[in-house]
Amino acid sequence: MKHLLGTQDLSKDDALRLLDTAYEFSAVAHRHVPKLPTLRGATMVNLFFEDSTRTRLSFEAAAKRLSADVMTFQAAGSSVSKGESLKDTAQTVEAMGADIIVMRHFSSGAAARLAHSGWIQAGVINAGDGTHEHPTQALLDAATLRDAVQDDPRGKDLAGLHVVIVGDIAHSRVARSNMWLLNTLGAKVTLVGPAELLPEGVADWPAEVMSDFDAALDSQPDAVMMLRMQNERQEGAPRVSLTHYVRDYSLSSARAARLSTHALVMHPGPMNRGVEIASSVADSAQSVILDQVRNGVSMRMAVLYELWGARS
Ligand code: CP
C-alpha cells in the first residue's frame, strides 16, 4: 500500500491486515521501553492545515515508537500565510527528507490530489480531508470494536455487529470512513441525524438512515458512535437549533440507560460534553472513548509500517 487515502476503496484483506498488525503493535505500549527499531531511517512529516489534538499527536507517538524521525508542520504560523501553495509546501518538506506525509486538509480530495499529483514521491496518509474521509479514525474505531467483541480478534471481521452513528452526518468524514469500513467488515450501520444534517444522496449509501434517535435505540445496537456538530464546516446560521439538537440527538443519561449492558459508547473526539453526549455517559463504564485514543497509536503504527514496507 503506497498511500492510505480512504476506506471506501480499502479491501477487506487490507483492512484485516492493518487491524491485525495494529493488534500486535498494541503490546509495544506495555514494554518498559515502548519502542521498536522498525522505521529507523524513515522520516514522517505531519502536514496539518487544520487543527488536531488526537490525530497529530498519535501519528507522532506512533512514528516515535517505531524509531522514525518526525517533523511537524502546522499551517498556522507557516509560509502558507505568505501564499505558498500545497505543491511548494509538500516539495519543501520532501526536500528535507520526508518519506511519509500525513496530511490533514480542509478540502475534500486534497490527500488524493497530493498523492497522485506527481509533485512528490513520498507516501501520503489522509489524516482528514474536508468532509470526505478520515481513514485512520475508522480503522482505530474498528480495532476498538473488535477488541471489545473478540477474545482474540486476529483475522476476525465485524459481521453481525450493529453500529449506530449519530449526529452531523452531512459534514462528518468520520461517519463516511466508518460507514465504508464497517460495511466492508460485515457490520450493519445505521446513520442517525436531523434531516438538515443528512447529506444529499445518503439514501444510496450502504447504511440504514433514520432521523429518530430513540427509535434507533429500540434496535439495541452493539455500539453508539456520537459525533459533534461540525460548525466550522457549516455556512451561515446553524441548520438546527442547539436546544432541539440536544433534546433529540444527545446521548443523555436517560438514553444511555436504554442501551444493552454490552453496548459500547464511542466518540472520535473532540467531544462537546453536554451537547452530543452527557458528561456522565462519556465517563461511564460503557464508554470506550479513551480506548479509541489508545488504539489510535497502534493503528497509526500499523499504517506507517505498511507504507514504509511498500516504498520503492
Ligand atoms: N478524532 C480526531 O480526528 O480528533 P482530532 O481532530 O483531535 O485529531
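In what order do the five strands of the open sheet stand? Keep that in mind as you read these notes.

1. **Before you start.** This is a predicted model, in which local features need pLDDT of at least 70 and side-chain atom pairs count only at pLDDT 80 or more, while totals for chains, interfaces and linings use all residues. Residues are numbered from 1 along each chain as its sequence is written, and side-chain values use heavy atoms, with hydrogens and water left out.

2. **The five-stranded sheet.** Here is the reply to the opening: the order is β7-β6-β5-β8-β9, with parallel pairing. Strands (E, at least two residues) and helices (H or I, at least four) are DSSP runs, numbered from the N terminus; two strands pair if DSSP finds at least two bridges between them. β7 (208-210) and β9 (264-266) are the edge strands with a single partner each, so one side of each has no neighbour in the sheet. On average, neighbouring strands here are turned by 20° against each other, direction ignored. Such angles run from 0 to 180 degrees between N-to-C directions, and the axes are lines fitted to C-alpha atoms, for helices over the stretch in contact.

3. Look for β5 (residues 162-166) beside β6 (residues 188-192): five bridges link them in the parallel sense. Val166 stands opposite Val192 in β6.

4. **The four-stranded sheet.** There is also an open sheet with the order β2-β1-β3-β4, again with parallel pairing. At its edges are β2 (69-74) and β4 (123-129), each of which pairs on one side only. Its neighbouring strands are turned by 15° against each other on average, direction ignored. Six bridges join β1 (residues 43-48) to β2, and Met44 stands opposite Val70 in β2.

5. **A helix across the strands.** Helix α11 (residues 289-309) lies across β1, β3 (100-105) and β4, and runs at about 150° to β4.

6. **Two domains.** The protein chain is divided into domain 1 (12-133 + 293-311) and domain 2 (135-292), with bounds that come from an automatic or database domain assignment. Their contact (heavy atoms within 4.5 Å) takes 29 residues from domain 1 and 35 residues from domain 2. The C-alpha centres of the two domains lie 25 Å apart.

7. A cavity is a set of points on a 1 Å grid over the protein atoms alone where a 1.4 Å probe fits but cannot get out; a pocket is an open set with protein on both sides within 12 Å along at least five of seven lines, and lining residues have an atom within 4 Å of a point. Grid points are joined across faces, edges and corners, and a volume is the space filled by probe spheres set on the points. The count is one cavity of 30 Å³ or more, and the largest cavity has a volume of about 70 Å³. Among its lining residues are Leu19, Tyr23, Arg146 and Asn295. α1 (12-26) gives the most to this lining, with four residues.

8. **The open space.** How many residues line the largest pocket? There are 21, and Arg104, Arg173, Arg228, Gly269 and Pro270 lie nearest its centre. The volume of the largest pocket is about 390 Å³. Its lining draws at least three residues from each of domain 1 and domain 2. α2 (54-65) and α6 (173-184) each supply at least two of the lining residues.
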